[in-house]
Amino acid sequence: MTDTARTARAGVPERPNLDGIEETWARRWQEDGTYAFDRTQQREHVYAIDTPPPTVSGELHMGHVFSYTHTDTVARFQRMRGRTVFYPMGWDDNGLPTERRVQNVYGVRPDPALPYDPDWQPPATPVSEAARKDPVRISRLNFIELCERLTAEDEQVFETLWRRLGLSVDWSLTYTTIGRVARATSQRAFLRNLARGEAYQAEAPTLWDVGFATAVAQAELEDRERPGAYHRLRFHGPGGREVLIDTTRPELLPACVALVCHPDDERYADLVGASVRTPVFGVEVPVRAHPLADPAKGTGIAMVCTFGDLADVTWWRELQLDTRVVIGRDGRLLPEPPTGVPAEPYAALAGQTVNGARRTVVELLADAGDLVGEPRPITHPVKFYERGDRPLEIVSTRQWYLRNGGRDAGLRAELLARGRELHWVPEHMRHRYEHWVGGLSGDWLVSRQRFFGVPVPVWYRLDDAGEPDWTDPLTPDESALPIDPSAEPPPGYQESQRGLPGGFVGDPDVLDTWATSSLTPQIVGGWETDPELFRLVFPMDLRPQGQEIIRTWLFATVVRSHLEHGVLPWRDTVLSGWILDPDRKKMSKSKGNVVTPMDLLVQHGSDAVRYWAASGKPGMDLAFDPAQIKVGRRLATKLLNASKFALGLGAADALRAPATEPLDTAMLAELSGVVGAATSAFDGYDHTAALMTTEAFFWRFCDDYIELVKERAYGSGRGADSARAALATALSVQLRLFAPVLPFVTEEVWSWWRYGSVHRAPWPTTYEVGRAVQGSGDPELLRLAADALGQVRRAKSERKLSMKAEVPLAEALGPAALLDRLTLVADDLRAAGRISKLDLLPDRTPELVIACAF
């Protein structure tokens with residue numbers, strides 16, 4: 001929108017206030033297309049932002065407000081700098097968080113064996129806790145429809161809050177990660193990964209969340225401290241030798257395939273290559289050496305089971321050990337023992353939960369005399385899925401993987417190089433990326449055994465016995481995407497052939513939500529569907545995000561762009577810090593200390609909340625502080641009142657007139673420095689420094705300059721014209737400097753006297769401010785005048801006099817050169833201080849002293 005797009009100015013209201021301006025301007029911006037992306041520009045004029053799509057599985061919290069405000073300040077600054085800003089919003093609505101929310105709200109559970117019921121309706125109101133514990137089974141398709149319904153409702157709530165906060169996104173570009181475009185994009189990228197050999201399928205040990213009944217990836221793990229106990233077990237070695245091992249998981253004894261010690265551990269050197277018998281089950285297992293065994297841990301020799309933890313997986317793979325799996329996908333011990341394990345002792349464990357089996361094995365060990373001493377309680381880190389509430393197990397499953405450098409040194413080196421190519425804000429965050437990439441132990445597991453996600457777009461032929469051929473999956477043409485293999489047949493087949501010998505079966509899995517979210521630049525940029533748009537916005541300029549998802553969202557997006565396009569997906573990345581509670585603890589839903597923002601936005605105003613958010617720098621933690629929000633409210637109110645005062649003096653009609661008087665040119669000279677500093681800060685993604693610089697000047701402008709100049713501005717003639725011109729330029733510039741952080745109040749004031757939107761106005765420049773100065777300005781002159789006026793005010797305050805009280809005589813003492821400069825603003829000082837007579841007494845004191853006589 002141009003500066004002349006509107007035909008009328010609002011005029012200065014009689015009693016301006018902040019109430020209701022969010023609704024007014026949010027509606028006006030939408031109606032006017034203030035933030036609409038202009039596709040007619042050249043790429044060099046575009047600034048493209050890959051905005052994080054928030055997970056639609058509950059409520060937005062102050063952490064969201066914090067980080068998304070930071071991004072919005074960037075978008076607004078770049079727009080005012082003349083760039084056409086590509087600023088979309090997305091909703092990350094597929095995946096486990098959405099499924100869990102639907103299950104909890106409606107008390108349902110998907111069952112793929114059930115047929116679709118077109119007449120089924122969910123409960124009209126949220127269900128009770130009892131209903132959640134006894135969920136209603138519904139078909140896969142009914143469950144997906146329910147997920148879509150609830151996410152659509154949540155997304156409306158999220159959008160309402162974002163509009164209230166004043167995010168300057170182009171809402172016509174909104175996307176969802178489960179929408180048709182996202183599904184087609186995700187499937188297309190996967191099929192191309194498959195064609196190039198970057199995606200592959202394998203039967204392998206898999207981290208498994210029993211509660212969600214799905215595989216999870218390395219990037220989604222977190223350690224949680226949990227109570228446990230060390231049990232000392234007696235294995236039986238050659239010649240009657242006892243071999244003692246310590247384990248926290250005695251229930252995995254039937255899955256034991258070896259004992260392992262360090263190659264340099266002399267205690268067990270004679271056992272390496274020999275065999276020992278497991279207690280209770282009497283299975284012969286080898287003793288092997290491996291450098292990862294820790295001689296200082298426990299007895300120095302460990303039980304290798306398939307699979308208790310990731311170390312077991314490493315030993316099993318590198319030592320080429322047997323496989324004896326005992327834990328199933330439901331978290332219970334399998335009904336039949338693995339090969340080589342006697343059925344009689346195992347029967348007592350079959351079908352038990354992990355905890356139940358542990359108690360049983362301990363009893364069997366005690367009865368056999370092979371439990372040495374009592375279990376020793378400990379607290380130790382246990383692997384969890386980051387969104388799960390049950391410890392992970394490791395089960396053997398067939399899964400899809402995407403190469404990410406975890407097993408390819410060449411690809412790892414390329415991805416590390418991409419990290420060094422990326423501009424990080426703050427720079428030290430790059431080390432987290434490098435630590436993650438350098439520590440990868442395997443490729444990216446991208447398949448999930450869930451429902452509400454992007455289907456893996458392949459089918460498998462069934463042989464004459466009805467067994468699938470995993471080695472040669474059937475794939476669709478890209479033009480047919482998106483597809484659902486569970487509901488559509490592959491090319492050349494009929495639906496009637498599904499599941500029959502000689503027919504086909506669809507892959508039942510969906511892709512990891514990060515496998516879709518890692519393609520947000522391609523999804524919103526029109527990859528392969530809108531080539532013109534894609535050329536305009538890709539690679540993008542900015543990826544803002546949280547530091548905790550460097551290993552997931554940022555790294556995964558780099559991987560997909562590197563493999564598909566051979567470039568970084570963006571030039572810069574800006575990382576957010578944490579929001580802390582008043583006790584300096586990280587806010588999180590699990591801790592119950594989060595603060596939801598809508599009430600604060602209504603109570604204090606959006607600009608006030610944005611002010612608090614902008615006081616935190618990128619990468620730095622910020623404590624939630626209601627007092628800081630109140631400071632922001634006071635600033636916005638002062639901006640209203642000071643603007644009304646300046647415009648009431650006639651500043652609006654003097655905008656392009658020159659400032660000629662020394663005090664006016666001094667103020668503008670200082671403002672020019674503020675413009676330069678704020679611009680440099682925003683260019684470096686330091687919105688906090690830009691705000692602090694601007695705010696500090698604004699309060700000097702209000703408290704010092706306006707007080708010094710207002711008497712002159714009320715008058716007429718050259719001096720008054722100069723004052724009004726300076727006020728007009730200063731107001732115009734400061735409104736634009738504040739606009740990225742305080743969009744509502746600046747737009748409100750702008751509408752009183754200017755055409756168009758302040759957010760489409762050009763960013764102020766030092767040249768613009770200098771052009772308003774006739775001659776040259778000395779910024780120190782304003783500080784000198786403010787110091788003198790401050791001393792007069794203190795003298796009145798000490799005598800408990802009104803600031804309007806007359807001062808019959810004031811004497812200015814100080815170095816002669818200083819007083820010579822003071823004479824340049826003496827008239828303004830006398831008027832502001834109500835000084836009848838001002839005498840200058842040079843060289844009486846080493847610094848300025850104003851002595852008042854009453």
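Hi everyone, let's start with one side chain: Arg430 makes a polar contact with the side chain of Glu434, at 2.6 Å. Before we go on, please keep in mind that this is a predicted model.

So where does Arg430 sit? You'll find Arg430 in helix α11, which covers residues 430–438. Here is a handy rule for that pair: an α-helix has 3.6 residues a turn, so residues three or four places apart point the same way.

Is Arg430 buried or exposed? Its relative accessible area is 17%, and because buried means under 20%, Arg430 counts as buried. If we set aside neighbours within four places in sequence, Arg430 is in contact with Gly419, Arg420 and Trp424. Now look across to Thr573: it is 143 residues away along the chain, yet the two C-alpha atoms are separated by 9.8 Å.

Next stop, helix α17, residues 606–614. This helix is mostly covered, with nine of its nine residues buried. Among them are Asp607, Arg610, Tyr611 and Trp612.

Finally, the cores. The largest nonpolar core has 87 residues, and Leu668 and Tyr705 touch the most other members. Helix α20, residues 687–714, gives this core its largest share, eleven residues. Apart from that core lies another, of 38 residues, including Ala48, Ala189, Ala219 and Phe538.

Which residues does Tyr705 touch, not counting those up to four places away in sequence? They are Leu663, Asp664, Met667, Arg700, Ala723, Ala726, Leu727 and Leu782.

Technical notes: Residues are numbered from 1 along each chain as its sequence is written. This is a predicted model: local features need pLDDT of at least 70, side-chain atom pairs count only at pLDDT 80 or more; totals for chains, interfaces and linings use all residues. Side-chain values use heavy atoms; hydrogens and water are left out. Buried means under 20% relative accessible area, exposed over 50%, partly exposed in between (1.4 Å probe, protein chains only). Helices (H or I, at least four residues) and strands (E, at least two) are DSSP runs, numbered from the N terminus. A nonpolar core is a set of buried Ala, Val, Leu, Ile, Met, Phe, Trp, Tyr and Cys residues joined through side-chain atoms within 4.5 Å. Contact means heavy atoms within 4.5 Å. A polar contact is a pair of N or O atoms within 3.5 Å; within protein, one must be able to donate a hydrogen and the other to accept it, and residues adjacent in sequence count only if both atoms are side-chain atoms.
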